[in-house]
Amino acid sequence: MTGQTGQKVRWGILATGGMAARFTADLVDLPDAEVVAVASRTEASAKAFAERFGIARAYGAWETLARDEDVDVVYVATPHSAHRTAAGLCLEAGRNVLCEKPFTLNVREAEELVALARRQGSFLMEAMWMYCNPMVRRLKSLVDDGEIGELRSVQADFGLAGPFPPAHRLRDPAQGGGALLDLGVYPVSFTQLLLGEPSDVVARAVLSPEGVDLQTGALLSYDSGALASVHCSITGGTPNSASITGSKGRIDVPYGFFFPDHFVLHRDGRDPQEFRADPADGPRASLAHEAREVMRALRAGETESPLVPLEGTLAVMRTLDTIRNQVGVHYPGESGGSEEAGGTGVTTGPAVTPA
């Protein structure tokens, strides 16, 4: 189902956790959006969320939202272990879908969703809000225009200090826990936005007693000669910054590289040039940019966004699978073997260091 009816794009919200609340809070401020329904596994949770945001319909089952013909697009905000099921329900019922990141647990699930959306002719997009951020788009434009020459390296990290107890979602294998899928998806996606899919990957990790990664680092290699270093952690607060180096200069992105309010362009023989966000674009943490892109695409009759293309999402999932396969993180129901690892030129990394 592509396109939408009426003047406003009518949204359904699937799940009622923190991300759902953040997205809905930004969505209700958009004049061309209307949140018409919300669903949770329990009616009580759905009703409480509906009352909080003034939503007319609250459902105690995901299937009911998926079948609601008055919903133009569903935002899926469940834990990523449920993305395949939740987004699949909506796509099978003919809904358009914006699905939170990481898109799925693994590339196999991601490929299934993409194939389903294409069969249905429905719009599907990963909620990689970083790609829709005006400052990130400006940065990419500078790189694409050759302002720093040929790319030589990218460095990006995302780490939280924690500590997270064993019962926390981030340490639960059944919920796709670990640093890589929750946090590492950002540095990997940032790198692949600029360099594309790597030809080779080498990764190391420190695992928890539950078998999820507490800290992961990976070196991504490219046929062009470029290298990328990505790191994520749920055991230490890192700078959460990024740096892109080219043959003619460098771009440094300070804390919060995935939603920057400024970055600095360094070019050989010139003074540094600072780029700052336009206040008119709203708060730096706003999720409204990705919502606007979804609505623009729906009105244009597009089944995917050029800013967050499905092939790019699949490429990121292949890299994440490759890293997980190398460091030995496997989730319930997965084979635990190389069939879950995509990517090209996979190189087996060193032995995993236990926590």
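These are my notebook entries on a predicted model.

**Ground rules**

I number residues from 1 along each chain as its sequence is written. In this predicted model, local features need pLDDT of at least 70 and side-chain atom pairs count only at pLDDT 80 or more, while totals for chains, interfaces and linings use all residues, and side-chain values use heavy atoms, with hydrogens and water left out.

**Entry: strand 4**

I started with strand 4, residues 73-76. Helices (H or I, at least four residues) and strands (E, at least two) are DSSP runs, numbered from the N terminus. Val73 and Tyr75 point one way, Val74 and Val76 the other. All are buried, and buried means under 20% relative accessible area (exposed is over 50%, partly exposed in between; 1.4 Å probe, protein chains only).

Next I looked up the neighbours. Two strands pair if DSSP finds at least two bridges between them. Strand 1 (residues 9-14) pairs with strand 4 in the parallel sense over 4 bridges. Strand 5 (residues 96-99) also pairs with strand 4 in the parallel sense, over 4 bridges. Tyrosine 75 is the bridge partner of isoleucine 13. In strand 5, the partner of tyrosine 75 is leucine 98.

**Entry: helix 4**

Strand 4, helix 4 (residues 83-92) and strand 5 make a right-handed β-α-β unit. Right-handed means that, with the strands pointing away from the viewer, the path from the first strand over the helix to the second runs clockwise. I listed the buried residues of helix 4: His83, Ala86, Ala87, Gly88, Cys90 and Leu91. Their cover includes strand 1, helix 3 (62-66) and helix 5 (107-120). Glycine 94 follows helix 4, and its phi is positive, near 90 degrees.

**Entry: the core**

Which residues touch the most other members of the largest nonpolar core? I found Trp11, Phe190, Ile244 and Ile251, in a core of 120 residues. Such a core is a set of buried Ala, Val, Leu, Ile, Met, Phe, Trp, Tyr and Cys residues joined through side-chain atoms within 4.5 Å. Helix 8 (residues 179-195) gives the most to this core, with 11 residues. I then checked phenylalanine 190 for contacts (heavy atoms within 4.5 Å). Leaving out residues up to four places away in sequence, phenylalanine 190 touches Met130, Leu139, Val154, Ala156, Ala242, Ile244 and Phe257.

**Entry: rings**

I found 12 aromatic pairs. Rings of Phe, Tyr and Trp (its six-membered ring) pair if their centres lie within 6.5 Å; planes under 30 degrees apart are stacked, over 60 edge-to-face, the rest tilted. Phenylalanine 49 and phenylalanine 53 have centres 4.8 Å apart and planes at 50 degrees, so this pair is tilted. Why are they about one helical turn apart? They are separated by that much because they lie 4 residues apart in helix 2 (residues 43-53).

Tyrosine 186 and phenylalanine 258 form another tilted pair, 4.6 Å centre to centre with 35 degrees between the planes. Tyrosine 186 lies in helix 8 and phenylalanine 258 in the loop between strand 12 (249-253) and strand 13 (262-267), so the pair ties together parts 72 residues apart in sequence. Both are buried. Ring pairs link a cluster that includes Trp129, Phe190 and Phe259.

Most residues other than glycine have a negative phi, and most peptide bonds are trans. Alanine 15 has a positive phi of about 110 degrees. Alanine 15 sits in the loop between strand 1 and helix 1 (18-27). The bond between lysine 101 and proline 102 is cis, with omega about -15 degrees. Another cis bond runs from glycine 162 to proline 163, with omega near -5 degrees.
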